[in-house]
Amino acid sequence: MDDKLKKLEIKAQEILKQAEESGVLNNFLFETTFNSYLVQLKILAKLEEEINELGMLVTKEYVKGRENLVPNPAITAYNNTANSASRLVSTLLKVVQEFKADNKGKEVDPLLEIINGGGNSD
């Protein structure tokens with residue numbers, strides 16, 4: 001694992017520790033969204049490696065063997081993945097904020113209790 005991924009893993013562990021301390025760690029939406037976010041980070045790291053290896057421009061062969069210089073397709077994939085990761089972060093923040101707000105209320109919704117990791121798991 002390269003240094004960048006190691007640093008991301010360390011940050012992810014810190015986020016999980018804070019989530020555990022705030023009680024949101026067992027929240028189904030938090031857990032699934034956080035796992036998706038980790039996947040996005042790994043994809044971004046791989047795409048970044050590819051961009052660094054191949055450069056910003058690559059050659060693309062057209063008919064009759066003609067080559068043209070075009071932007072590296074990994075750049076578009078990187079930008080799309082980065083946008084997706086940003087949306088996941090927004091979702092994570094909303095889940096945490098809603099979890100905190102739900103815990104302030106006195107009446108417990110059974111569905112929210114299950115989503116938040118409580119209730120009967122039968």
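How many helices and strands does the protein have? There are four helices and two strands, where helices (H or I, at least four residues) and strands (E, at least two) are DSSP runs, numbered from the N terminus. Starting at that end, the elements run α-α-β-β-α-α.

Before going on, please note that this is a predicted model, in which local features need pLDDT of at least 70, side-chain atom pairs count only at pLDDT 80 or more, and totals for chains, interfaces and linings use all residues. Residues are numbered from 1 along each chain as its sequence is written, and side-chain values use heavy atoms, with hydrogens and water left out.

**The protein as a whole**

Of the 122 residues in the protein, 23% are buried; buried means under 20% relative accessible area, exposed over 50%, and partly exposed in between (1.4 Å probe, protein chains only). The accessible surface is about 9100 Å², and carbon and sulfur atoms account for 54% of that area. Accessible areas come from the Shrake-Rupley method with a 1.4 Å probe, and for residues only the protein chains shown count as cover.

A contact means heavy atoms within 4.5 Å, and the contacts listed leave aside neighbours within four places in sequence.

| Residue | Helix | Relative accessibility | Contacts |
|---|---|---|---|
| Alanine 12 | α1 (residues 3-22) | 6% | Phe34 and Leu38 |
| Threonine 33 | α2 (residues 28-54) | 10% | Leu88, Thr91 and Leu92 |

Alanine 12 counts as buried because its relative accessibility is 6%. Its C-alpha atom is separated by 8.9 Å from that of phenylalanine 34, a residue 22 places apart from alanine 12 along the chain. Among contacts between residues at least 6 apart in sequence, 55% join residues at least 24 apart.

**The largest pocket**

On a 1 Å grid over the protein atoms alone, a pocket is an open set of points where a 1.4 Å probe fits, with protein on both sides within 12 Å along at least five of seven lines. The largest pocket has a volume of about 270 Å³. Its lining has 13 residues, and Ile15, Gln18, Phe30, Leu93 and Val96 are the closest to the centre; lining residues have an atom within 4 Å of a point.

Which helix gives the largest share of this lining? That is α3, with five residues. Helices α1, α2 and α3 (73-104) each supply at least two lining residues.

Key:
Points joined across faces, edges and corners; volume = space filled by probe spheres on them.
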